[in-house]
Amino acid sequence: MRWFSGKVTPYVFMTAGIILVIMSIQTFFTISHTTSTQEVMSPMSDNAPMKACFVVLVRNSELDGIATTIREIESTFNSKFDYPYVFLNDEEFTSEFIETTSALTKSVTKYGKVDNQMWGYPNYINQTYAAECRSQLQQQGIPYGDSESYRHMCRFQSGFFFRHPMLDEYDYYWRIEPYVNYYCDIDYDVFKYMRNNGKKYGFTIAFREYMATVPTLWQTVMNFRKENPEVASRWPTKKDSLINFVSDNNGDSYNGCHFWTNFEIASLELWRSNDYLKLFSYLDQQGGFFYERWGDAPVHSIAASLMLRKDEFHFFNDIGYRHTAYTHCPREPEFRDKCSCDPASDMGNVKISIMKNMLRLLTLLIDYNDPINCFAEFKKALN
Ligand SMILES: Nc1nc2c(ncn2[C@@H]2O[C@H](COP(=O)(O)OP(=O)(O)O)[C@@H](O)[C@H]2O)c(=O)[nH]1
Ligand SMILES: [Mg+2]
């Protein structure tokens, strides 16, 4: 019997070992199969789906212009990624607008109206005084100086679009406009890029503001910061922030630099944060959207530069883009077969310095002592 057990014991252990190995292999295949078929992913995994959309504030009369934009967005990016479009308007969209735009994409399209609270005068605004201010700005030759609707638009884009109920379900947005061009094929998901790399604000063009439109904006933001130390204490230190993008003198005054918000790929959480909502509400109370002509671009840019860390910004060099006379076209050789734009048209290219000088002459009345392109300031502020 002892002989028997002595001979058999190793075989028992070996058999048990083989059974265990077979069971673990089976378990391994079961788990990997479940993962691939059910797409079990942690929220932060690279491929987890994104809650993101295009956001388009547009008028019915700009149907042709938005149709061009959508065609280019679809062909360069969205036919591959299928993100929905949210169209917003201060009036009802016409059935022609809805039919035409929805036919341009296989993705979901939604159409929303902006209410009077988001697009209109707050009751504390003195509309007679606002009209006087508009005519003064017009006399100075400032673009949109006398436009009432432009001011409602800038206030809406500064403080309300991200609170429109149609955007509630999203975390990131890409703002698009009518009559712009998108030139380069984008083969990766830009929203996933933003999330997976901890980016909160993406841009293509940085530009200088007409200072006559924002004479008191910087000081108002500084007053807010002083009066709300608990908010400011949550913001990054000067060194970690992008303050040197918006100020040449360590925060004493605004240098006019801003990201062009007609293109934005950004986090909605940034604007929905209590800190930004408090800041916006403070700015709104001061009346500068109506008594001056505060643009959403300087408002977003100053706020983001103070509230975000430098590493949360992203320059989308690979997205060739034109708005009005200004184009960003990537100049590196690897983009030549991806982009249909001419790098010679890029804002930073010396070949268009003549045009820049002409523009500066045309805008001589405006505070344009510095070059109009603020990309150098962005690069500098990153260091
Ligand atoms: N629905 C609506 N959209 C507007 C109005 N004013 C401007 N927009 C939109 O707001 C965005 C910015 O306006 P735009 O005229 O292009 O301003 P600019 O880019 O600063 O010259 C564009 O998408 C316009 O279609 C308006 O009164 N109603
Ligand atoms: Mg525009």
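Some conventions before I start. The model is predicted, so local features need pLDDT of at least 70 and side-chain atom pairs count only at pLDDT 80 or more, while totals for chains, interfaces and linings use all residues. Residues are numbered from 1 along each chain as its sequence is written, and chains are lettered from A and ligands numbered from 1 in the order in which they are written.

Overall make-up. The protein has 15 helices and 12 strands; helices (H or I, at least four residues) and strands (E, at least two) are DSSP runs, numbered from the N terminus. Of its 383 residues, 34% count as buried. Here a residue is buried if 20 or more other C-beta atoms lie within 10 Å of its own, exposed if 12 or fewer, and partly exposed in between, with C-beta atoms placed from the backbone. Contacts are pairs whose C-beta atoms, again placed from the backbone, lie within 7 Å. Among contacts with a separation of 6 or more, 81% join residues 24 or more positions apart.

Next, strand E1, residues 52-57. Why do I call E1 largely enclosed by the rest of the structure? Because 6 of its 6 residues are buried. In a regular strand the side chains alternate between the two faces of the sheet. In E1, Ala-52, Phe-54 and Val-56 point one way, and Cys-53, Val-55 and Leu-57 point the other way.

Which strands pair with E1? Two strands pair if DSSP finds at least two bridges between them. E1 runs parallel to E4 over 4 bridges, and 4 bridges also join E1 to E2, again in parallel. Phe-54 has a bridge partner in each: Trp-174 in E4 and Tyr-85 in E2. From E1 the chain passes through H2 to E2, a β-α-β crossover that is right-handed. Right-handed is meant as follows: with the strands pointing away from the viewer, the path from the first strand over the helix to the second runs clockwise.

Further along, E2 (residues 85-89) is joined in parallel to E3 (residues 109-113) by 5 bridges. Tyr-85, already mentioned as a partner of Phe-54, stands opposite Thr-109 in E3. E2, helix H3 (residues 95-103) and E3 form a right-handed β-α-β unit.

On to E4, residues 172-175, which pairs with E9 in the antiparallel sense over 4 bridges. Tyr-173 has Ala-266 as its bridge partner in E9. Strand E6 (residues 201-203) is also antiparallel to E9, with 2 bridges, and Tyr-201 stands opposite that residue, Ala-266. In E9 itself, residues 264-267, Glu-264 and Ala-266 point one way, Ile-265 and Ser-267 point the other way, and all are buried.

Now the core. A nonpolar core is a set of buried Ala, Val, Leu, Ile, Met, Phe, Trp, Tyr and Cys residues joined through C-beta atoms within 7 Å. The largest one has 82 residues, and Phe-54, Val-55, Val-56, Val-86 and Tyr-173 touch the most other members. Helix H13 (residues 296-307) gives the largest share of this core, 7 residues. Leaving out residues up to four places away in sequence, Val-55 touches Val-86, Leu-88, Phe-161, Leu-167, Tyr-173 and Arg-175.

What surrounds ligand 1? Its neighbours include Leu-57, Val-58, Arg-59, Glu-62, Asn-89 and Asp-90. A residue is near the ligand if its C-beta atom, placed from the backbone, lies within 6 Å of it. The shell has 4 nonpolar, 3 polar and 4 charged residues. The classes are Ala, Val, Leu, Ile, Met, Phe, Trp, Tyr, Cys and Pro as nonpolar, Asp, Glu, Lys and Arg as charged, and the others, Gly among them, as polar.

Finally, some single residues. Asp-82, in the loop between H2 (63-81) and E2, has a positive phi near 65° without being glycine. Asp-82 is exposed because it has 11 C-beta neighbours inside 10 Å. Tyr-144 is likewise not a glycine and has a positive phi of about 60°. Tyr-144 sits in the loop between H4 (127-139) and H5 (148-159), and its 18 C-beta neighbours inside 10 Å make it partly exposed. Ser-281 lies in helix H11 (residues 274-286) and is exposed, with 11 other C-beta atoms within 10 Å. Its C-alpha atom is separated by 8.0 Å from that of Gly-159, 122 residues apart along the chain.

Definitions and conventions:
Two residues are in contact if their C-beta atoms, placed from the backbone, lie within 7 Å.
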